[in-house]
Amino acid sequence: MIIRNLFIFETILLFLGFLLSYGCPINKKLWNSTFVLTTCGFGSLFLALQIWIIDINGKKKWSLFFESFEINPLYLYVQADVLAVILDKCGIASYIYTDVLAPLFGNFGGSLAWAILFVVLN
């Protein structure tokens, strides 16, 4: 019952954000109302979907990998920040992106590959 209400409410927020984007475009830098409505709608719908799959239906095998991230998110945040500073000061981050990933995948693909690689390194 609660999950169904969450699905309904967040779907309304999402569509309201998309509907308002015709008058006020979605703009991340300004954090305008349409951006907030659409991102909150997407995020909450994804959360409700995960609650429904994992907790209500009991499909937990695929989510065991992600349990380590929920144990201590502050540690992971600090670890990612420290790793980013170390890679930046050593020049490794710039080398990997400009000399390896960007020529291989292009600017956008190289940026995505770097982001995925950085998450894997953490």
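Helices are taken here as DSSP runs of H or I of at least four residues, numbered from the N terminus. In this predicted model, helix α2 is followed by Gly58, whose phi is positive, near 75°.

The length of α2 was examined against its number of residues.

Helix α1, formed by residues 2–20, packs with helix α2, formed by residues 33–56, at an angle of about 155°, and the two axes lie 8 Å apart. Because angles over 145 degrees count as roughly antiparallel, α1 and α2 are described as roughly antiparallel to each other. The crossing in which α1 passes α2 is left-handed. The residues of the contact of α1 with α2 comprise 17 nonpolar, 6 polar and 1 charged.

Several residues of α2 are buried, namely Thr34, Phe35, Leu37, Thr38, Gly41, Leu45, Ala48 and Ile54. Helix α1 is included in what covers these buried residues. As a general point, an α-helix has 3.6 residues a turn, so residues three or four places apart point the same way.

The loop between α1 and α2 contains Tyr22. With a relative accessible area of 75%, Tyr22 is classed as exposed, since the class begins over 50%. Ile54 of α2, by contrast, is buried. Tyr22 and Ile54 are 32 residues apart along the chain, and their C-alpha atoms are separated by 36 Å.

Technical notes. Residues are numbered from 1 along each chain as its sequence is written. This is a predicted model: local features need pLDDT of at least 70, side-chain atom pairs count only at pLDDT 80 or more; totals for chains, interfaces and linings use all residues. Side-chain values use heavy atoms; hydrogens and water are left out. Axes are lines fitted to C-alpha atoms, for helices over the stretch in contact, and angles run from 0 to 180 degrees between N-to-C directions. Helices (H or I, at least four residues) and strands (E, at least two) are DSSP runs, numbered from the N terminus. Angles under 35 degrees count as roughly parallel, over 145 as roughly antiparallel, 65 to 115 as roughly perpendicular and the rest as oblique. A crossing is left-handed if the near helix is turned anticlockwise from the far one by less than a right angle, and right-handed if clockwise. Ala, Val, Leu, Ile, Met, Phe, Trp, Tyr, Cys and Pro count as nonpolar, Asp, Glu, Lys and Arg as charged, and the others, Gly among them, as polar. Buried means under 20% relative accessible area, exposed over 50%, partly exposed in between (1.4 Å probe, protein chains only). Contact means heavy atoms within 4.5 Å.
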